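Please prepare a briefing on the secondary-structure packing of the model shown below. The points are grouped by topic.

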Amino acid sequence: MKYIERPLYLDSIRHYAKNGNVKIITGIRRSGKSTLLKELYRVTDDKILRIDMELWNNRVFRDPDTVYRYIRESIDKGTGAVAIDEIQDIEHWHEVVRSLVAEGDCDLYITGSNSKLLSSEFASLLTGRYNIFDAFTLTYSECLEFAKEYQEKDTETFDRFLRVGGFPSVWRNRYEESEAISEIGDILNSIMMRDIVARYEIRRPDLLHRIFRFICDNLGNRTSVYNIYTSLLAEDRKLSKDLVYEYVDHLESACLIYKAETYDVKGKNILTSSYKYYLADIGLKNAVCGFRPEDIQGYVENIIYLEMRARGYDVWIGKYSGKEVDFVCKKGSEFVYIQGTVRLSGDDVVKREFGNLRNIPDNHPKYVVTLEKSPLDADMDGIKCVLLEDFLKE
């Protein structure tokens, strides 16, 4: 099988090779984390030890003493780099990693399907001896590369991306849409059962699925865990608010959903009381709810959110003087402001989308991104108007 390089990640990770830190790659299962490591192996001269904890034969390494001895013996025989996939399946893995980093005689890479892999306790133990990278499913540009290699020539790539998302396995196989959605459903069920229900001993998997369905149904809407609780309370009068909070937290930990909090542009601070949830892949919504054209605004926002996160930005929903900005994106000292919409369908829409950005008094890049082209599309007052498909290819 040919590997399609993913330079968004590879270039960043290579920059930190052999720096004495552990490199931590987190993200939803089946997003391509293991393949990223294989690409790193391919371009290095080091002798590499790889331990994939998803393989049944490696179950003996769930014991921390066993895996440490195995790694130590390999290093003593000349191994220069160690890579461990899905490290959260090793008991007390934090202590194993801490020791290997302290010993300092191998280049260490780990992956995990848990956004809270780097707990505050572990972070303090490592005292900065780590670099963390968030891995996402394929961006649209990456899907184009996969389509060239694996798909039929007449594939309508952008329409397919809207409907099936960016899981690499979906793009490596010439699935019909229904087959692709079925595969995504299998991935979702595996994550639910393995990374949440089994790991956290969930007593009510039905409630977990209902909460995830609620988030899918309300994609792009401001919400809160309390809103989810009150909405579900109508169906279950005995529902515990604490349980809803706990289950939403598990969905975040499994990298199925991301919380985008509000950034007050004028006050330059983050408002944690107002936020939206976005999915780790748009295909997850279609696997749960089916493709619904009436929800297309949520699709547009989710795609932009994931795109900017994959490009290395911190991403918030924005607020400036009472006006909403869909996204405030920050990388280093650079800011980018983005409004996402389905179409510029009239003067009121144009005034709203451009006006909210025009009010922000700085010279950072500002975009209005539209799914559909319309006669009203035009750059205005330094604000660039661009089609979503073109924006994703830039």
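What covers the buried residues of helix 7? The cover includes helix 6, helix 8 (168-172), helix 9, helix 13 (282-289), helix 14 (296-310) and helix 16 (388-393). This is a predicted model, in which local features need pLDDT of at least 70 and side-chain atom pairs count only at pLDDT 80 or more, while totals for chains, interfaces and linings use all residues. Residues are numbered from 1 along each chain as its sequence is written, and side-chain values use heavy atoms, with hydrogens and water left out. Helices (H or I, at least four residues) and strands (E, at least two) are DSSP runs, numbered from the N terminus.

- The buried residues are Thr157, Phe158, Arg160, Phe161, Leu162 and Val164.
- Gly165 follows helix 7 and has a positive phi, near 75°.
- Helix 6 (residues 140-150) packs against helix 7 (residues 157-164) at an angle of about 115°, and their axes are 10 Å apart; axes are lines fitted to C-alpha atoms, for helices over the stretch in contact, and angles run from 0 to 180 degrees between N-to-C directions.
- Tyr140, Cys143, Leu144 and Ala147 of helix 6 make the contact with Thr157, Phe158 and Phe161 of helix 7, where contact means heavy atoms within 4.5 Å.
- The residues of this contact comprise 6 nonpolar, 1 polar and no charged; Ala, Val, Leu, Ile, Met, Phe, Trp, Tyr, Cys and Pro count as nonpolar, Asp, Glu, Lys and Arg as charged, and the others, Gly among them, as polar.

**Helix 9 and helix 12**

- The axes of helix 9 (residues 177-200) and helix 12 (residues 241-253) come within 10 Å and cross at roughly 135°.
- The two helices are therefore oblique to each other, given that angles under 35 degrees count as roughly parallel, over 145 as roughly antiparallel, 65 to 115 as roughly perpendicular and the rest as oblique.
- On the helix 9 side, Met192, Ile196 and Tyr200 meet His250, Leu251 and Ser253 of helix 12.
- This contact divides into 4 nonpolar, 2 polar and no charged residues.

- An open sheet is formed by 5 strands in the order 2-3-4-1-5, with parallel pairing; two strands pair if DSSP finds at least two bridges between them.
- Strand 2 (48-52) and strand 5 (130-134) stand at the edges with a single partner strand each, so one side of each is left without a neighbour in the sheet.
- Neighbouring strands are turned by 15° against each other on average, direction ignored.
- Strand 1 (residues 22-26) runs parallel to strand 4 (residues 107-112) and is joined to it by 5 bridges, with Ile24 opposite Ile110 in strand 4.
- Helix 3 (residues 64-76) lies across strand 2 and strand 3 (81-85), running at about 160° to strand 2.

**Strand 8 and its partners**

- Strand 8 (residues 314-320) is mostly covered, with 5 of its 7 residues buried.
- Strand 6 (residues 257-264) runs parallel to strand 8 and is joined to it by 3 bridges; Asp264 has Lys319 in strand 8 as its bridge partner.
- Strand 9 (residues 323-331) pairs with strand 8 in the antiparallel sense over 6 bridges, and Cys329 in strand 9 is the bridge partner of Val315.
- Strand 8 and strand 9 form a hairpin with 2 residues between them, and Ser321 in the turn has a positive phi of about 50°.

Note on methods
Buried means under 20% relative accessible area, exposed over 50%, partly exposed in between (1.4 Å probe, protein chains only).
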